[in-house]
Amino acid sequence: MSALEIHQLHKSFGSTHVLKDVNISIASGEFLILVGPSGCGKSTLMNAIAGLEPITSGEIRIGGEDVTWRTPAERDIAMVFQSYALYPSMTVRGNIAFGLEMRKMPKAEREAAVQRVADLLQISHLLDRKPSQLSGGQRQRVAMGRALAREPQIYLFDEPLSNLDAKLRVEMRTEIKKLHQRLGTTIVYVTHDQIEAMTLADRIAVMRDGQVQQLGTPDEIYNDPINMFVAGFMGSPA
Ligand code: ADP
Ligand code: MG
């Protein structure tokens with residue numbers, strides 16, 4: 001069964017038709033990367049999957065269930081976005097535990113979950129700090145920890161590394177890959193970095209102007225691009 005199914009999805013803002021018949025099916029445990037030029041609709045699609053924006057028409061299924069009209073909280077997903085909004089007045093521990101508290105997880109269980117992701121992301125020594133006392137990379141780890149603590153069916157990452165410097169980006173990319181291999185989670189991940197796409201993805205969806213131009217393995221997309229646009233975007237050999 002598919003972890004995530006997007007069926008004939010359309011999204012307009014007023015008279016602007018942004019997503020035009022998007023169809024994507026993602027297997028459980030799959031790492032799908034969305035790429036495409038700025039403004040092509042990647043974030044709009046992520047927000048639609050998350051339930052942050054009502055869609056115009058179509059259907060979204062998570063774990064086989066129709067979630068099209070459910071609120072974000074009623075969908076079994078966790079998100080990490082580019083602007084990692086941590087709560088400034090809460091400690092790292094509080095930030096990571098926040099979503100668990102909202103779901104009324106008992107305290108002991110919550111603490112165990114926080115410790116588990118803190119160990120995984122190597123931020124145990126930072127648990128009592130406030131976000132303002134962290135570096136950019138550390139903050140991004142905390143944002144990721146908050147998502148991981150929830151153990152949802154699907155993770156959505158929208159350009160999570162684009163605010164980091166080049167060195168840290170490579171480090172975090174390696175860590176995300178390890179996390180995926182270790183946890184076997186289903187991930188939809190937006191990036192404009194072709195190398196990130198090629199190294200992380202099981203499959204890549206190349207978007208243009210609100211439509212998926214091609215969906216395939218990195219090898220297929222790179223070596224057998226369906227048109228000039230995909231070839232140009234992925235830097236395929238001529
Ligand atoms: P990407 O993430 O691929 O850069 P977006 O999904 O953010 O692209 O945006 C796709 C298009 O939708 C853009 O033309 C953008 O201006 C438009 N758009 C996005 N959000 C809104 C909104 N809330 N209201 C109106 N237009 C929007
Ligand atoms: Mg975007």
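Helices (H or I, at least four residues) and strands (E, at least two) are DSSP runs, numbered from the N terminus. This is a predicted model, in which local features need pLDDT of at least 70, side-chain atom pairs count only at pLDDT 80 or more, and totals for chains, interfaces and linings use all residues. Residues are numbered from 1 along each chain as its sequence is written, while chains are lettered from A and ligands numbered from 1 in the order in which they are written. Helix 4 is largely enclosed by the rest of the structure.

**The sheet**

- Two strands pair if DSSP finds at least two bridges between them.
- Strand 6 runs parallel to strand 7 (residues 154-158), and five bridges join them. Ala78 stands opposite Tyr155 of strand 7.

**Strand 3**

- Five of the five residues of strand 3 (residues 31-35) are buried. A residue is buried if 20 or more other C-beta atoms lie within 10 Å of its own, exposed if 12 or fewer, and partly exposed in between, with C-beta atoms placed from the backbone.
- Both faces are covered: Phe31, Ile33 and Val35 lie on one side, Leu32 and Leu34 on the other.
- Strand 3 pairs in the parallel sense with strand 8 (residues 186-190) over four bridges. Ile187 in strand 8 is the bridge partner of Phe31.
- Strand 3 also pairs in the parallel sense with strand 9 (residues 203-208), over four bridges. Here Val35 stands opposite Val206.

- Helix 4 (residues 136-149) has 14 residues, which should span 20 Å at 1.5 Å a residue. Its end C-alpha atoms are 20 Å apart, which agrees. The expected span is 1.5 Å times one less than the number of residues.
- Eleven of the 14 residues of helix 4 are buried. Among them are Arg139, Arg141, Met144 and Leu148.
- These buried residues pack against strand 6, helix 2 (92-102), helix 3 (107-121), strand 7 and helix 5 (166-183). Two residues are in contact if their C-beta atoms, placed from the backbone, lie within 7 Å.
- Helix 2 buries Val92, Arg93, Asn95, Ile96, Ala97 and Leu100. Its buried residues pack against helix 3 and helix 4.

**Positive phi values**

- Most residues other than glycine have a negative phi.
- Just after helix 4, Glu151 takes a positive phi of about 45 degrees. Glu151 is partly exposed, with 15 other C-beta atoms within 10 Å.
- Glu159, in the loop between strand 7 and helix 5, also has a positive phi of about 45 degrees. Glu159 is buried, with 20 other C-beta atoms within 10 Å.
- Lys104 follows helix 2 and has a positive phi, near 60 degrees.

**Around ligand 1**

- The shell around ligand 1 includes Phe13, Thr16, Gly41 and Lys42. A residue is near a molecule or strand if its C-beta atom, placed from the backbone, lies within 6 Å of it.
- Helix 1 gives the largest share of the shell, three residues.
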